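The sequence and structure are shown first.

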Amino acid sequence: MRAFNAELSKLFSLPGIWLAFLIGAFAPAVIAALDSTAQKEKIIAGVSTRLSEVGYIGLALGVQGVIILGVLAVSSEYLTESSESGGGNQITTSLTVVPSRFHFLLAKAGAVTVISILLSIVAILTTVSATNLILGEYAPAFEASRLIGAVCYWIFTALLAFGITVLTKNGIIPLAVLMINSSVVTVSYLLTKVTKLAFYLPDKAGFDMFMFTSDSFHTPFTGGLIMFAWVAVLFIVAAIVFHRRDVTS
């Protein structure tokens, strides 16, 4: 518990974490607002709409905040400290305080999970508010089960970013790859046009936890299970690699 509290405190002390909070809290709402405006124009014009997806699209595409969170949680450990602190990496100090590398990773992943939950709840509140404000009486009813699926999607996305960063020891690669893949046209979506195996990629499977569209390939439970499996396997591989790694190199 002491290691978990220390990791929470460490995360909140990072300057970049506030950018993650800002993006995580408002990016989904902005996307939802733009989509709501477009859908309202269609309603006025008498054109067919997809109101059932409004709001949820913002939660699906606005995960950049938790991606930054997952990456920062690990990459910050490999930053060089000031000369007053010895000029080494933070990871060396962290492992001196928590000698067990597995407990260290578990505490850090736990801190990322808790903050992801809080951030996703704030994002849901801002997204629902923006959607209701613009659509008014046309706003869809947000279902609790789908919102829980969205929270799980945010948690798993943050942990995927966390695990990949543990493997790479560098925040640039996972940040670039995951940010691009969470854009409007994702690589995973394009791959589904080539092979059905792409529906088993973590983000595509995760979408099915709360995005109920004609393109849905899995049930919400199956989609969540597949994404969780990706997270679990990645965490195990990352833990093994981290255990064997010389952190001073």
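**Basis and confidence**

The model is predicted, so that local features need a pLDDT of at least 70 and side-chain atom pairs count only at pLDDT 80 or more, while totals for chains, interfaces and linings use all residues. Residues are numbered from 1 along each chain as its sequence is written, and side-chain values use heavy atoms, with hydrogens and water left out.

The chain has an average pLDDT of 88, and 94% of its residues score at least 70; pLDDT is the predictor's confidence in each residue, on a scale from 0 to 100. Helix α5 (residues 90–97) has the lowest confidence, with a mean of 82, and α7 has the highest, at 96. Helices here are DSSP runs of H or I with at least four residues, numbered from the N terminus.

**Helix α6**

Helix α6 covers residues 101–135, a run of 35 residues. From its first C-alpha to its last it reaches 50 Å, close to the 51 Å expected at 1.5 Å a residue; the expected span is 1.5 Å times one less than the number of residues. After α6 comes G136, with a positive phi near 60°.

S116 is located in helix α6. S116 counts as buried because its relative accessibility is 0%; the classes are buried for under 20% relative accessible area, exposed for over 50% and partly exposed in between, with a 1.4 Å probe and protein chains only. The C-alpha atoms of S116 and L79 are 23 Å from each other, and the two residues lie 37 residues apart along the chain.

Rolling a probe the size of a water molecule over the atoms shows where empty space is left. The search uses a 1 Å grid over the protein atoms alone: a cavity is a set of points where a 1.4 Å probe fits but cannot get out, a pocket is an open set with protein on both sides within 12 Å along at least five of seven lines, and lining residues have an atom within 4 Å of a point. Grid points are joined across faces, edges and corners, and a volume is the space filled by probe spheres set on the points.

Across the whole structure, the search finds 1 cavity of 30 Å³ or more. The largest cavity holds about 50 Å³ of space. Its lining consists of V74, E77, Y78, I91, F104, L105, K108, F162, V166 and F242. Both α6 and α7 supply at least two residues of this lining, and α6 gives the most, with 3 residues.

The second largest pocket has a volume of about 350 Å³. It is lined by 21 residues, of which L160, L178, N181, P202 and D203 are the closest to its centre. Helices α7 (144–168), α8 (172–181), α10 (202–207) and α11 (220–244) each contribute at least two residues to the lining of this pocket.

The table sets out the two linings by residue class. Ala, Val, Leu, Ile, Met, Phe, Trp, Tyr, Cys and Pro count as nonpolar, Asp, Glu, Lys and Arg as charged, and the others, Gly among them, as polar.

| Space | Lining residues by class |
|---|---|
| Largest cavity | 8 nonpolar, no polar, 2 charged residues |
| Second largest pocket | 15 nonpolar, 5 polar, 1 charged residues |

**Selected residues**

Helix α1 (residues 2–12) contains E7. E7 is buried, with a relative accessible area of 4%. The E7 side chain makes a polar contact with the side chain of K108 at 2.6 Å. A polar contact is a pair of N or O atoms within 3.5 Å; within protein, one must be able to donate a hydrogen and the other to accept it, and residues adjacent in sequence count only if both atoms are side-chain atoms. K108 also belongs to the lining of the largest cavity.

K10 is likewise found in helix α1 and, at 19% relative accessibility, counts as buried.

Q64 is placed in helix α4 (residues 64–75) and is buried, with a relative accessible area of 17%. Its side chain reaches the backbone oxygen of L61 at 3.0 Å. S182 lies in the loop between α8 and α9 (187–192), and is buried at 8% relative accessible area. Although S182 and Q64 are 118 residues apart in sequence, they are 7.3 Å apart in space, C-alpha to C-alpha.

K169 occupies the loop between α7 and α8. Most residues other than glycine have a negative phi. The phi of K169 is positive, near 60°. K169 counts as partly exposed, at 24% relative accessibility.
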